[in-house]
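Please look over the sequence and the model shown here before reading on.

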Protein chains: 2
Amino acid sequence: MTSFISRYKLVLIYGVSCALLLFLMKWLEVRFLILSHSMELFIGALALLFMVLGIWLARKVYEPKVQTVIVEKTVEVPNQSFVFNEQEAARLGISKRELEVLELMSQGLSNQEIADRMFVSLNTVKTHASNLFVKLDVKRRTAAIETARKLNLVR
Amino acid sequence: MTSFISRYKLVLIYGVSCALLLFLMKWLEVRFLILSHSMELFIGALALLFMVLGIWLARKVYEPKVQTVIVEKTVEVPNQSFVFNEQEAARLGISKRELEVLELMSQGLSNQEIADRMFVSLNTVKTHASNLFVKLDVKRRTAAIETARKLNLVR
DNA sequence: TAAGCGTTCATACTTTCGGGTGATTTCAGG
DNA sequence: CCTGAAATCACCCGAAAGTATGAACGCTTA
């Protein structure tokens, strides 16, 4: 919204500048015709001047657009979201239920709480956990969480 | 590298176009002078045309530069490094030793391993751990790790 | 100097975790 | 149809984790 307003302001300013410049050119034209009558040089200078003006105008107008794009990008990037490493899970042969246990484990839940959430017995959770520890080559649930995090299996 | 080549190609093409356009303008100038002698209109048209050309040229040339800037920004941003939340640690009243225990805990070490590393007894580690659990308002070490991570106290 | 805090450690006890073993069911694939 | 993997559950036992309580020491601050 504000970028549009500022852009319009710029256009207005440059429009007025162009008008003034045109008057200047006309005055110069008269001078030129009187002095040397070298029309070709005048035409060339005029063309060059206005092309430069055009380039300058375009740069001024389009530069804010550049900055806007950059802002969008910088906002977009900090999505350091977690991407599950399917390859690693498959390589280690971790099953669906084991992964569920791992996930809940990493959230700080006890085996009993995990059992309640998954609607299975405590013993089942223990079995899944044991299998996980073998597959992740660890001896404790805290180490399992650490390893799983490093392998992008959780969070 | 390739962007520079393509940009130079563009400039060359537009340079040639400008030259051709100048010749066209001169020819038109003669026509104009013969037909109506309306110099003001001719000057205005010429100025407008070359300004538009300048704008067009600037846009074409500067657009690839925009993309380059975006790339630089996206490369710059992914510094997702861990910054220890000192305020939160102070707010919760977590001491140095407790923090050390928390750190080692989050690395998957057992109480005995932590005790060995810190050159204190197992009981001392347990005491620190218990105090941590109270301060972090949790009941298990896994939950403590989870909470500590969310508060940027570890890793 | 007394009070408070952090650190250290201890004993005793309960709970949770993890290993080992074995059993059943289900379901996909040779 | 048989096999094997996955999922489910059970029992036992030892290890680890966690709770409760108490105590000693050093440092800082009111």
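Predicted model: local features only at pLDDT ≥ 70, side-chain atom pairs only at ≥ 80, totals over all residues.

Residues are numbered from 1 along each chain as its sequence is written, chains are lettered from A and ligands numbered from 1 in the order in which they are written, and side-chain values use heavy atoms, with hydrogens and water left out.

In chain B, helix α5 covers residues 111-118, and B:Asn111, B:Ile114, B:Ala115 and B:Met118 are buried there (under 20% relative accessible area, 1.4 Å probe, protein chains only). Seen down the axis of α5(B), these buried residues fall within an arc of 100 degrees, so they line one face of the helix. An α-helix has 3.6 residues a turn, so residues three or four places apart point the same way. The cover over the buried residues of α5(B) includes α4 (96-106), α6 (122-136) and α7 (141-150) of chain B. Just after α5(B), B:Phe119 has a positive phi of about 60 degrees.

DNA strand C is surrounded by 18 residues (a heavy atom within 4 Å of the strand). By class, 2 are nonpolar, 9 polar and 7 charged. α6(B) gives the most to this surface, with 4 residues.

Which part of DNA strand C lies within 4 Å of the protein, sugar or phosphate, or bases? Sugar or phosphate accounts for 73% of those atoms, and bases for the rest. A backbone N or O atom of A:Arg141 is 2.6 Å from a phosphate oxygen of DNA strand C.

Methods: Buried < 20%, exposed > 50% of the residue type's maximum accessible area, 1.4 Å probe, protein only. Helix = DSSP H or I, 4+ residues; strand = E, 2+ residues; numbered from the N terminus. Arc of directions from axis to C-beta. Contact = heavy atoms within 4.5 Å. Polar contact = N/O pair within 3.5 Å; in protein donor to acceptor, adjacent residues only side chain to side chain. Nonpolar A, V, L, I, M, F, W, Y, C, P; charged D, E, K, R; others polar.
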